[in-house]
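Work through the exercises below with the sequence and the model side by side. Each task is followed by a solution in steps.

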Amino acid sequence: MRVTDSLMSQSFLRNLSANTARMQKYQEQLSTLKEVNKPSDDPLRVSKILDLNNTIIQNDQYKTTINDAVQWTNVQDSALSSATKSLQRIKTLIQSSANDTMSHSDRQANKAEIESEIHGVVDALNTNFGGRYVFAGVNTTELPFKVDKVDGEITGISYHGTKETAEKTNLSREIAPGVSIELNTDGNALMNEKGTADSPDNLSSFFTDVFTALDADDTEKLSGLLDRADQQLENVVSNRSKTGAIFNRLGATLERNDSEKLNLKTMLSENQDIDLAEKFMQFTMEQTAYQASLSMGTKILQTNILDYL
């Protein structure tokens, strides 16, 4: 009998220990609201949770990059809008100056206003975002555009950012795994280079020719410069359209990023978070079983002790 009773006692203690461990497991899950709390609970699930957390962190990093790029393109669009308005005003002043009835002093007044608008164009194209010039190519810390002067007179403008001869003229941003986008930062494109070194035809030479015609009261040449004014305007508008296309792509990417994060969060919750009602029911059942085991164990242990009296 004593051998049998001893076996019963050992079996009871083993079962009680197992029951206690299960109850503690559910109690820990209820207190942390997590399905697993250490790798030994479920190594495969823990590995999956770690991978999901890392992917979510990477997703957040991409979102930060996308938001920065969106703000960058917004700043660019605003700058190009300002430059467009200045060029439109310059065209209006050229058109006004081409009128034969206008006096030399009136044309010089228009010239002064055109000079002011040229400064406005350069200031717009020198816009910076967070200390980085948005039209400087890849060298964003250097002032890209400058007004050239001789003896106080404007002779044109010059570009000092990344040139076309460089390997890369636009900034690149990674916005998703293996997916990059180029921001339209090539300021040299805004110079609208079409001529040659010996016979330049760009935004700077356009301004120079305007001043030459104004000083000479050459109304015929001023009339001819209106077509070139349209070409410069179209170039700025074209670059603004490119920036708008990049903005739209970034917006779509941002939506995908948010959708992906929601999916990742859902997957993480499914693997990591507990079903509170289910776990509480399981804990209650284990607690009931534990109390029943204690009640039964008291009788078993009392019987074994009495056998030794």
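Predicted model: local features only at pLDDT ≥ 70, side-chain atom pairs only at ≥ 80, totals over all residues.

Residues are numbered from 1 along each chain as its sequence is written, and side-chain values use heavy atoms, without hydrogens and water.

**Exercise 1.** Classify the pair formed by the rings of F145 and Y159.

Solution. Rings of Phe, Tyr and Trp (its six-membered ring) pair if their centres lie within 6.5 Å; planes under 30 degrees apart are stacked, over 60 edge-to-face, the rest tilted. The search of the whole structure gives 3 aromatic pairs. For F145 and Y159 the centres are 5.0 Å apart and the planes stand at 50°, so this pair is tilted. F145 lies in strand β3 (residues 145-150) and Y159 in strand β4 (residues 153-159), 14 residues apart. Both F145 and Y159 are buried, that is, under 20% relative accessible area with a 1.4 Å probe, protein chains only.

**Exercise 2.** Classify the pair of F206 and F207.

Solution. The centres are 5.6 Å apart with 45° between the planes, a tilted pair. F206 has 1% relative accessibility and therefore counts as buried; F207, at 1%, also counts as buried.

**Exercise 3.** How are helix α2 and helix α5 packed?

Solution. Helix α2 (residues 43-97) and helix α5 (residues 219-272) pack at about 165°, with axes 7 Å apart. Angles over 145 degrees count as roughly antiparallel, so α2 and α5 are roughly antiparallel.

Note on methods: Helix = DSSP H or I, 4+ residues; strand = E, 2+ residues; numbered from the N terminus. Buried < 20%, exposed > 50% of the residue type's maximum accessible area, 1.4 Å probe, protein only. Axes fitted to C-alpha atoms, helices over the stretch in contact; angles between N-to-C directions. Parallel < 35°, antiparallel > 145°, perpendicular 65-115°, else oblique.
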